[in-house]
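Work through the exercises below with the sequence and the model at hand. Each task is followed by a solution in steps.

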Amino acid sequence: MEIAVISGKGGTGKSSISAAFASLNEQVVLADCDVDAANLYLLFDPEQEYIQHFTGASKAVIDQNLCTNCGLCMEYCRFDAIHKKDGNITISQIACDGCQLCQRICPQHAINMISSSKSSLQAGSFRYGQMVYGRLAPGEENSGKLVSLVRDKARQLAATNHIKTTIIDGPPGIGCPVISSITGVDCVVIITEPSMSALSDLKRTIGITNNFKIKTQVIINKFDLSKKLTDRIKAFCRITNTPIAGFIPFDRHFVGAVVQCKSIIEWAPHSSSSKEIAKCWKIITQ
Ligand code: SF4
Ligand code: SF4
């Protein structure tokens, strides 16, 4: 069974709850698909048993031996990636979109498109089974493709280790990497919280999971921070026939757990939030 945990809005507690879900299993595959900011490996410190370098999008690089500093490329770059510095034309690898326009128009053929492979996919065993995660280097693109590779590796690990449950910690947002995280899963769990921005993102996220006809459940984290907004989320879920698996209270134990590199289930197993998360997991997997 593959379960994807997503949130739309960042900061709702998605990764903490994914970690807690993993801790409720003896054997699980945990796939951290938040490749722009993977952090579950910091919490669980897996053995690094597998590494695959990932080649991101090509970026423009100037051969300074050929460049005459005519400035034509700088004039045409729509992404403001090309600047003159100390008399030389340079290209920011962070800002470059890889559109190749500068390469095509350079009269000196001084620009090459070069792919870097600083990003990687890593995997290994951890205290609840197998873990796989992608690490996208700063400024690298193609995160949707890296998410797909993480999911492929997770499936392979599940098959070879005879593990029945895979938990996917998806990226925030509703873009291509999120779609890559949820396609083909058995269930999506959306972690939301009582705030206007979270409610707005919840509406868009449920729209996506409905489009893909994926079984979806909602967990309202920190529900006790605003009764009014929690009621609005409940009303929206009712209208869209989206079941709510549970309501997790605001709990400072989450902070303590992160500081100690533990999940909340490990750090505060008898807290009301741990009990509620365990109840949610039962509902989601039944
Ligand atoms: S267009 Fe070519 S020659 Fe002109 S500044 Fe750019 S890289 Fe240099
Ligand atoms: S490839 Fe495109 S985005 Fe990158 S520097 Fe050249 S023109 Fe700008």
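## Exercise 1: A hairpin

Strand 5 (residues 82–85) and strand 6 (residues 88–91) are paired in the antiparallel sense over 4 bridges. The model is a predicted one, in which local features need pLDDT of at least 70, side-chain atom pairs count only at pLDDT 80 or more, and totals for chains, interfaces and linings use all residues. Residues are numbered from 1 along each chain as its sequence is written, and chains are lettered from A and ligands numbered from 1 in the order in which they are written.

Task: state which residue of strand 6 is the bridge partner of H83, and which residue of the hairpin takes a positive phi.

Solution. 
- Terms: strands (E, at least two residues) and helices (H or I, at least four) are DSSP runs numbered from the N terminus; two strands pair if DSSP finds at least two bridges between them.
- Bridge: H83 has T90 as its partner in strand 6.
- Turn: 2 residues lie between the strands of this hairpin, and D86 has a positive phi near 50 degrees.

## Exercise 2: Two further positive phi values

Task: locate H109 and K213; are H109 and K213 buried or exposed?

Solution. 
- Term: a residue is buried if 20 or more other C-beta atoms lie within 10 Å of its own, exposed if 12 or fewer, and partly exposed in between, with C-beta atoms placed from the backbone.
- H109: this residue is in the loop between helix 4 (101–105) and strand 7 (111–115), and its phi is positive, near 50 degrees, though it is not a glycine. H109 counts as exposed because it has 11 C-beta neighbours inside 10 Å.
- K213: the loop between helix 7 and strand 12 holds this residue, whose phi is near 55 degrees, again a positive value in a residue other than glycine. K213 has 7 C-beta neighbours inside 10 Å and therefore counts as exposed.

## Exercise 3: Helix 1 and I283

Task: state how many residues of helix 1 are buried, and which residues I283 is in contact with beyond four places in sequence.

Solution. 
- Helix 1 (residues 14–23): 10 of its 10 residues are buried, among them I17 and F21.
- I283: this residue lies in helix 11 (residues 272–285). I283 is partly exposed because 14 other C-beta atoms lie within 10 Å.
- Contacts: leaving aside neighbours within four places, I283 is in contact (C-beta atoms, placed from the backbone, within 7 Å) with A245 and G246.
- Distance: I283 and Q217 are 66 residues apart along the chain, and their C-alpha atoms are separated by 9.5 Å.

## Exercise 4: Ligand shells and domains

Task: which residues come nearest to ligand 2, and which are the closest to ligand 1?

Solution. 
- Term: a residue is near a molecule or strand if its C-beta atom, placed from the backbone, lies within 6 Å of it.
- Ligand 2: A60, C77, C96, C99 and C102 come nearest among the 13 residues around it.
- Ligand 1: C67, C70, L72, C73 and C106 are the closest of 13 surrounding residues.
- Domains: the assignment, from an automatic or database source, gives domain 1 (2–55 + 118–285) and domain 2 (58–115). Their centres, taken over C-alpha atoms, are 39 Å apart.

Note on methods:
Contact = placed C-beta atoms within 7 Å.
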